[in-house]
Amino acid sequence: MRILAVETLNHIGEKVLLKGWVATRRDHGKISFIDLRDRSGIVQVVVNKERVDVKTEYVIEVEGLVKVRPESMVNTKIPTGTVEVEAEKVKILGKSKELPFPLDTDGYKIEEELRLKYRYLDLRRDRLANNIRLRSKLIQYVREFLFSRDFTEIETPLLSKSTPEGSRDFLVPSRLQPGKFYALPQSPQQYKQLLMVAGFEKYFQIARALRDEDLRADRGFEHSQIDLEMSFVTREDVMNILEDMITTVVEKLGMIIKEKPFPVFTYKEAMEKFGADKFDLRNDEEKKQGIKAFAWVTKFPFFEKDKEGNWTFTHNPFSAPEPEFEDDLLNKKNIGNILKSQYDLVCNGYEVGGGSIRANKKEILEAVFEVMGYPKEKIQNQFGHMLEAFEYGAPPHGGCAFGIERLMMILTGETALREVVAFPQTSGGKTAVMDAPSIVSDLQLKELGIKVVGDTRNAFQKIKDLLEKNKIQYKVVEHEAVFTSEEAAKVRGTSLHQGAKALVLYGDDKAVMAVLAADKKVDFKLIKSLYGIKDLRMATPGEVKEVTGGVEIGAVPPFGNIFNIPLYADESLFTNEKIDFNAGLHTTSIEMKAEDYKTAALPTVGNFSK
């Protein structure tokens with residue numbers, strides 16, 4: 001029967017069967033030393049070199065005798081360093097091609113796109129494998145804690161209704177009801193409140209949540225969360241059990257918490273003291289030691305003004321106001337000063353969880369949406385199910401959700417979500433290994449009653465097609481969303497001058513594009529004089545989208561030819577050997593030779609910068 005590498009310590013002097021991967025192979029004369037890796041770790045195998053021809057990452061089966069290593073050969077860096085297996089039989093179970101990157105490094109310097117294309121290889125890396133196993137332990141300990149407190153684990157639907165919860169929904173078309181759509185859940189918020197109405201009193205699940213929001217290092221399209229809800233509780237009740245859970249789990253994972261019980265700040269106090277509601281309470285020495293500093297923030301404003309000057313919710317609309325503000329909410333007065341029973345948990349400068357005592361009265365929830373300007377018909381259409389449920393005996397209740405990926409980032413000291421997720425997405429929103437999002441067949445679209453209008457390629461794909469058609473070499477760089485030339489240069493690690501800034505202008509009521517080095521500005525008098533333009537102005541954001549097929553300002557690529565508009569390039573651009581530019585997306589850049597750009601884009605070159 002097969003044993004694991006680490007179990008060889010218990011089988012000294014015995015014959016064993018091992019199976020795993022060849023991590024390394026070292027030849028010394030007629031003898032080869034193989035480091036055999038399995039899920040438990042590594043053990044050294046000694047084999048006659050002539051018996052088998054194995055290479056790195058081959059999958060092999062070894063039968064042999066476990067022996068104690070000579071004292072001079074002990075390897076103190078691995079748990080099995082005091083033993084080795086003298087192989088009698090070696091069988092190849094699976095061969096491996098040469099790997100696209102090494103596995104004996106931390107992997108940080110390898111291009112993101114390459115790592116995620118071969119994520120199944122990247123996961124063989126010790127650092128990543130340990131992160132994934134630690135994540136599994138965290139979830140196990142959470143479950144054990146909540147079961148010990150009489151919580152019931154309940155799964156809620158993935159196909160649901162589109163309702164406002166703070167971000168854009170991912171929509172799923174219905175084949176059986178053409179023209180209608182499901183929404184993937186941003187959170188199980190409404191379902192878990194309905195479970196409280198149903199009488200379960202203590203609910204939890206390890207929930208998947210999907211949000212179509214701008215990507216960054218600590219935020220992705222999808223994530224997992226520890227989601228829970230309780231009935232007949234106060235804010236202090238919920239905070240106490242959550243703090244007990246976090247303390248138990250974090251310390252069980254062998255980590256040190258700075259202060260217990262966790263400090264509590266009101267939102268007002270946090271803003272006055274730290275200038276933000278997410279803060280780091282550690283000193284420099286505690287940061288070096290990896291200490292975790294948790295703190296609560298409470299009593300948040302319920303409403304804030306949006307860009308149009310209308311009231312909207314700060315967290316979610318399902319919270320209850322602090323008791324002293326209930327009359328103000330019902331009477332829709334003093335709106336900007338209403339506080340709600342929200343509580344957020346922060347750690348080392350990040351928000352790791354948030355929750356509130358919920359509204360359990362129909363009139364409270366209605367008042368929230370009325371403050372936000374929802375007509376009664378819209379309130380009934382989107383939330384009628386909740387309002388009706390509250391008329392059948394809804395208990396006081398509250399809950400919370402903790403983002404597992406962000407919590408894992410903090411616990412492991414990683415700086416990006418992709419380092420604690422098995423198959424993450426790129427910073428541009430592409431899936432690991434599988435090429436999604438992708439184009440689907442006409443038959444699938446027909447079944448769903450969907451028709452794609454116009455060229456289905458986005459600007460990024462058009463640029464790639466153009467460059468490949470001209471056999472031009474280029475490099476794609478995925479990064480966090482950037483909106484200015486300065487942000488782009490910083491995230492790319494290049495000079496501002498190397499950036500190619502593309503501006504959509506209107507000259508004599510016709511769209512044109514001007515491209516120049518990002519540290520330069522357009523001299524409108526020069527460009528008008530050079531190209532015989534009388535009236536020249538910047539395009540509005542709406543006009544930019546219309547001309548480019550939906551590309552936003554800050555992501556416009558310097559290729560007027562893919563948009564069928566005249567292209568003028570400033571001479572300043574070609575003082576660079578290479579140029580970089582956002583390729584139609586805020587999260588994706590392309591780097592290429594400046595002369596190759598000239599060949600592909602075919603600009604009219606002149607001197608019009610200042």
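# Cores, rings and charges in a predicted model

The charged end of Lys340 sits over the ring of Phe302, 5.4 Å from the ring centre. This is a predicted model. Its largest nonpolar core has 43 residues. A search of the whole structure also finds 42 salt bridges, and the structure holds 19 aromatic pairs.

**Nonpolar cores**

- Seven residues have the most contacts inside the largest core: Leu138, Leu228, Leu242, Met245, Ile246, Phe294 and Phe402.
- The core lies between two domains, because domain 2 (107–232 + 397–451) and domain 3 (267–394) both give residues to it.
- Beyond four places away in sequence, Leu138 touches Ile226, Val249, Leu253, Ile404, Leu407, Met408 and Leu411.
- There is also a second, separate core of 37 residues, including Leu466, Met513, Val544 and Ile562.
- In soluble globular proteins, nonpolar side chains tend to be buried together.

**Aromatic rings**

- Phe101 and Tyr118 form an edge-to-face pair, because their ring centres are 6.5 Å apart and their planes stand at 75°.
- This pair links distant parts of the chain, 17 residues apart. Phe101 is in the loop between strand E5 (83–94) and helix H1 (112–117), and Tyr118 is in the loop between H1 and helix H2 (119–122).
- Phe101 counts as buried, at 5% relative accessibility, whereas Tyr118 is partly exposed, at 22%.
- Phe147 and Phe204 also pair edge-to-face, with 5.3 Å from centre to centre and 75° between the planes.
- Phe147 lies in helix H3 and Phe204 in strand E9 (residues 202–210), so this pair ties together parts that are 57 residues apart in sequence.
- Phe147 counts as partly exposed, at 44% relative accessibility. Phe204 counts as buried, at 0%.
- Phe318, Phe369, Tyr374 and Phe383 form one aromatic cluster.

**Charges over rings**

- Lys305 lies over the face of Trp311, at 4.7 Å from the ring centre.
- Lys340 takes up such a position over Phe302, at 5.4 Å from the ring centre.

**Salt bridges**

- Arg2 and Asp38 meet through their side chains in a salt bridge, 4.0 Å from N to O.
- Arg2 lies in the segment before strand E1 (15–28) and Asp38 in strand E2 (residues 31–38), so the bridge ties together parts that are 36 residues apart in sequence.
- Arg2 is partly exposed, with a relative accessible area of 34%. Asp38 is buried, at 9%.
- Lys192 forms a salt bridge with Asp227, and their closest N and O atoms are 3.1 Å apart.
- Lys192 is in helix H4 (residues 189–198) and Asp227 in strand E10, 35 residues apart.
- Lys192 counts as buried, at 2% relative accessibility. Asp227 counts as buried at 1%.
- Arg418 and Glu419 meet in a salt bridge, 3.4 Å from N to O.
- Arg418 counts as partly exposed, at 28% relative accessibility, whereas Glu419 is buried, at 2%.
- Arg418 and Glu419 belong to one network of salt bridges that share partners, along with Glu112, Arg115, Arg119, Asp122, Arg125, Arg127 and Glu414.

Terms used: Residues are numbered from 1 along each chain as its sequence is written. This is a predicted model: local features need pLDDT of at least 70, side-chain atom pairs count only at pLDDT 80 or more; totals for chains, interfaces and linings use all residues. Side-chain values use heavy atoms; hydrogens and water are left out. A nonpolar core is a set of buried Ala, Val, Leu, Ile, Met, Phe, Trp, Tyr and Cys residues joined through side-chain atoms within 4.5 Å. Buried means under 20% relative accessible area, exposed over 50%, partly exposed in between (1.4 Å probe, protein chains only). Domain bounds come from an automatic or database domain assignment. Contact means heavy atoms within 4.5 Å. Rings of Phe, Tyr and Trp (its six-membered ring) pair if their centres lie within 6.5 Å; planes under 30 degrees apart count as stacked, over 60 as edge-to-face and the rest as tilted. Helices (H or I, at least four residues) and strands (E, at least two) are DSSP runs, numbered from the N terminus. A charge sits over a ring if NZ of Lys or CZ of Arg is within 6 Å of the ring centre and within 35 degrees of the ring normal.
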